[in-house]
Amino acid sequence: MEKKYVSIKSGKYRNAKISGVFPLVKDVSFGKKGAFITVDASNQFAGLGNIRVLLNDVNNVEHVDAVIAEAQMGNKEEVAETKKEAMDRIRRRFDILQEMTRAVIKGTVRGLILSGPPGVGKSFGVETEMEKYDMFNKLKGKGPKTEIVKGAMTPIGLYQTLYNNSNKGDVIVFDDCDSVLFDEVCLNMLKAVLDSGKKRTISWKSESVALRREGIPDRFEFSGSAIFISNVSFESVKSKKIRDHLEALMSRCHYIDLEMDKVTDKFLRIEQIVGDGMLDEYEFGAKGNAEVVDYMLEKSARLREISLRMVLKVADLRKMSPKTWKELAESTCMKRV
């Protein structure tokens with residue numbers, strides 16, 4: 001039988017918006033919740049198979065010629081990724097992040113950029129390795145060799161921070177400092193710091209009372225290592241001016257994209273971390289943990305964000321008020337409709 005395809009302009013599956021071209025399983029039908037169509041979503045969403053997509057308007061669906069549909073879907077003939085394969089892929093990305101972070105600490109890798117959506121555990125893995133490194137130095141009678149910088153930063157502040165962490169063995173982590181990506185002076189300093197070359201010279205050619213007061217020279221060699229953690233996908237920035245700078249950064253050091261842009265990937269990561277014991281301290285048990293994750297999945301279209309932070313927020317409410325936690329979550333964790 002010839003495979004049929006439909007284009008869905010707008011629909012919903014478990015309160016999440018759905019659109020795109022899908023293989024048709026069963027044409028438009030009507031149930032208690034209204035019109036729906038059954039399609040094969042396995043190519044678009046890891047772990048899903050045949051799903052019923054609710055339709056507000058049956059005109060939001062149109063049949064598409066197979067040749068056109070396959071062209072729009074990228075002419076993909078490969079087997080759809082299973083849930084296990086997707087979870088293995090995600091875990092491997094974080095394993096690679098751990099390996100690369102350790103390489104930065106050893107000085108084997110001197111510059112690393114990490115990109116991924118907020119709230120999936122990017123910072124946690126890096127910070128854990130930094131804590132181990134500082135503890136190791138403490139046991140040897142040395143002071144801490146790492147600094148984690150968060151938030152906005154001026155060019156002069158960046159220069160001072162780099163100087164204070166410029167010795168061999170020092171590791172500086174920039175976390176949630178995306179504002180520096182839109183400042184040309186900061187970008188040029190980052191290019192020098194993240195460069196894989198043997199000699200990295202940082203310069204400040206403007207007059208500065210602050211530097212003079214702190215005894216910081218207007219030129220120094222940076223011999224430490226640096227990790228830049230960002231919510232920005234460097235490969236997806238549209239501004240040509242900024243994109244050129246970001247491409248220059250990527251060419252100078254190692255770049256890891258966690259590749260977790262899909263909502264399904266975020267939920268698989270949540271399921272993974274909860275399974276690893278994230279909610280053990282709440283003592284909900286396996287059933288209670290599943291309730292938290294399933295509730296977030298059900299309300300995914302209205303949640304302020306889909307992240308590990310949100311898992312903890314919802315878990316806090318369930319622990320605080322076992323009977324009314326869903327009502328509380330509606331008020332504190334959801335966007336207004």
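1. Buried here means under 20% relative accessible area, exposed over 50%, and partly exposed in between (1.4 Å probe, protein chains only). Helices (H or I, at least four residues) and strands (E, at least two) are DSSP runs, numbered from the N terminus. The model is predicted: local features need pLDDT of at least 70, side-chain atom pairs count only at pLDDT 80 or more, and totals for chains, interfaces and linings use all residues. Residues are numbered from 1 along each chain as its sequence is written, and side-chain values use heavy atoms, with hydrogens and water left out.

2. Start with strand β11, residues 225-230. Six of its six residues are buried. In a regular strand the side chains alternate between the two faces of the sheet. On one side of β11 are S225, I227 and I229; on the other are A226, F228 and S230. Both faces are covered.

3. Now the neighbours of β11. Two strands pair if DSSP finds at least two bridges between them. Strand β6 (residues 111-115) runs parallel to β11, joined by five bridges. There, S115 stands opposite S230. Strand β8 (residues 171-175) also pairs with β11 in the parallel sense, over five bridges. In this pairing V171 faces S225.

4. Next, the aromatic rings. Rings of Phe, Tyr and Trp (its six-membered ring) pair if their centres lie within 6.5 Å; planes under 30 degrees apart count as stacked, over 60 as edge-to-face and the rest as tilted. The count comes to seven aromatic pairs. Y163 and F220 make an edge-to-face pair, with 5.2 Å centre to centre and 80° between the planes. This pair links distant parts of the chain: Y163 belongs to helix α4 (residues 155-164) and F220 to strand β10 (residues 219-221), 57 residues apart.

5. F220 has 6%, so it counts as buried. Ring pairs also join Y163 and F220 with Y159 and W204 in a cluster.

6. Y282 and F284 form another pair. Their ring centres are 5.3 Å apart and their planes stand at 25°, so the pair is stacked. Both Y282 and F284 are buried.

7. Last, charges over rings. A charge sits over a ring if NZ of Lys or CZ of Arg is within 6 Å of the ring centre and within 35 degrees of the ring normal. R318 lies over the face of F284, at 4.6 Å from the ring centre. The charged end of R269 sits over the ring of F94, 3.4 Å from its centre.
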